[in-house]
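Student: I'm new to this one and would like a close look at a single part. Could you start there and then walk me around the rest?

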Amino acid sequence: MHNDTIAAIATPPGVGGVGVIRVSGSDAFETVLPLFKRPGGATALPPSHKLTFGHIIDPQSQEVLDEVLVAFMHAPHTYTREHVVEIQGHGGPLILRRILRAVLAQGARMANPGEFTMRAFLNGRLDLAQAEAVMDLIESETEAGQRLALQQLQGRVSEQVQQARHTILGVIARIEASIDFPEDDIPTPQAQELSPLIADAQKQVLLLLSGADQGKLYRQGLRTAIIGRPNVGKSSLLNAFLRTERAIVTPIAGTTRDTVEEVANLRGIPLHLIDTAGITPTDDPVERIGVQRSRTAAESADVVLLVFDASEPLTEQDRLVSAEVQAMGFKVQTPDEEATARKRPVVIVLNKSDLEQKLEIAELKQLWPEGVFINTSTLSDAGLQHLENILAEHVLAGRKLYSESVLITSTRHQEALRRANEHLEASYSSLEQQLPLDFVSIDLRAAYDSLGEVTGETASEDLLDKIFSEFCIGK
Ligand code: GDP
Ligand code: ZN
């Protein structure tokens, strides 16, 4: 039963101008009405989808809890497609909690994380990809990411997935008609009739897959570790990036003094910059913890900015850091490499270009024979634009930046599409090997179901629980 009435605070914790309590379910109106006192003592249900002024009172003590605006919204034109009430109170956590408690005392149940959106999905207002887009939209870190989430929310990803499913279903129908009703003279379809149809479906799936890596980049961003021995200018570089990129500066929770993470905007891609304290070996046990943390941060990075101080000769520590980075598997990219091989690149930065240059480039060349060296100064901002270009090039590997086409942004969707593609591949080769059409049909069904996971038609209950539990409460 999905119809019991649920309630939660829908605005974020903390103090705000207004705070909203959301109530949804068949008894939403009856739950809130007894708590809602209007001037003049009206008791009828206020007009739907309009804000009505009044007070929330404690029904037992008649104590006024808050002055509010309340929207009573009739199903089905609501977020969940159920009756919904939204109470706008003053945005203090204590006030909101007291109102919520009063609502719960009327018989509503506390909503689980994502339960409002889950109901919207179960009631058919959103498909699964759209429901996921709600969270992406809330969490997007750049405007490009926002645009993609909105596209998905509006159903553009789902549309294309459904198109591919439709094509596949057409092929299945033709095969199965001939299997089920041979006596009705339905001719057995020939391989040369079916294979172009399968190829067509596969083309649609591959088109969606082709933008997935790029789409994920916009959503998840790029982890970029800034590495180098102490004093070369790592922290200054991070700050310079934030300054020039008009960053959305978001301090990340759990930041230690050993690693600092900030988000800059690299042409629409959230660049997660991690300033590491240092990864060189040390005997000091306290320092060793810091080194371990930095190393972990570096190991999980997508890109490394390896920084040297060009105003000083190469030091032993510089060499050690270089060796560490190489041991972690980061590589300098050469222009002729395949785009797919462009993984985990290291970009070498020669900082302090404003000072007299004492770093022997020849020595550095021995460490990084293929390296392209980028001179920067965090004092004058020289070279930062160039560094940004190089980073963007590495990251996008020559692919076009944000375009109007639909981009898949989630690994879950990418995996489902990959599986669909494999099943289509299998059905194709069954057809070529002239296996019975049953075989072809089984693979096509599997492809159809894989695609259904994206939109939720064939998603298991476990998967749904997992997806919606990652939402926040009240969403
Ligand atoms: P980190 O230890 O690698 O994080 O280095 P910091 O960013 O803390 O910088 C160390 C010192 O170098 C500071 O005194 C900075 O002001 C200075 N510094 C950083 N970048 C530059 C630069 O481009 N030019 C000059 N002249 N000094 C710099
Ligand atoms: Zn630093």
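Student: In which loop is Pro76 found?

Tutor: Pro76 is found in the loop between β5 (64-73) and β6 (84-91). Those labels come from DSSP runs numbered from the N terminus: helices are H or I runs of at least four residues, and strands are E runs of at least two. The peptide bond from Ala75 to Pro76 is cis, with omega near 5 degrees.

Before we move on, a word on what you're looking at. This is a predicted model, where local features need pLDDT of at least 70 and side-chain atom pairs count only at pLDDT 80 or more, while totals for chains, interfaces and linings use all residues. Residues are numbered from 1 along each chain as its sequence is written, and chains are lettered from A and ligands numbered from 1 in the order in which they are written.

His49 sits in the loop between β3 (36-37) and β4 (51-57), and Gln434 in the loop between α14 and α15 (437-455). Neither is a glycine, yet phi is positive at His49, about 60 degrees, and at Gln434, about 55 degrees. His49 has 12 other C-beta atoms within 10 Å, so it is exposed; Gln434 is exposed too, with 8. (With C-beta atoms placed from the backbone, exposed means 12 or fewer others within 10 Å of a residue's own, buried means 20 or more, and partly exposed is in between.)

For contrast, take Val325, in helix α11 (residues 316-327). Val325 is buried because 22 other C-beta atoms lie within 10 Å. Setting aside neighbours within four places in sequence, Val325 is in contact with Ile227, Val304, Leu306, Phe330 and Val346; contact means C-beta atoms, placed from the backbone, within 7 Å.

Now step back. The protein has 16 helices and 13 strands, and 40% of its 475 residues count as buried.

Follow helix α7 (residues 191-210) next. Its axis and that of helix α14 (residues 411-432) come within 10 Å and cross at roughly 160 degrees. Axes here are lines fitted to C-alpha atoms, for helices over the stretch in contact, with angles from 0 to 180 degrees between N-to-C directions. Nonpolar covers Ala, Val, Leu, Ile, Met, Phe, Trp, Tyr, Cys and Pro; charged covers Asp, Glu, Lys and Arg; the others, Gly among them, are polar.

Helix α6 (residues 156-180) also meets α7: their axes come within 9 Å and cross at roughly 165 degrees. That makes α6 roughly antiparallel to α7. Among the residues making the contact are Ala164 and Ile168 of α6 and Leu194 and Ile198 of α7. By class, this contact has ten nonpolar, five polar and one charged residues.

Last stop: ligand 1. It is surrounded by 15 residues, the closest being Gly233, Lys234, Ser235, Ser236 and Lys352; a residue is near a molecule if its C-beta atom, placed from the backbone, lies within 6 Å of it. Helix α9 (residues 234-244) gives the most to this shell, three residues. The shell has four nonpolar, eight polar and three charged residues.

Conventions:
Two residues are in contact if their C-beta atoms, placed from the backbone, lie within 7 Å. Angles under 35 degrees count as roughly parallel, over 145 as roughly antiparallel, 65 to 115 as roughly perpendicular and the rest as oblique.
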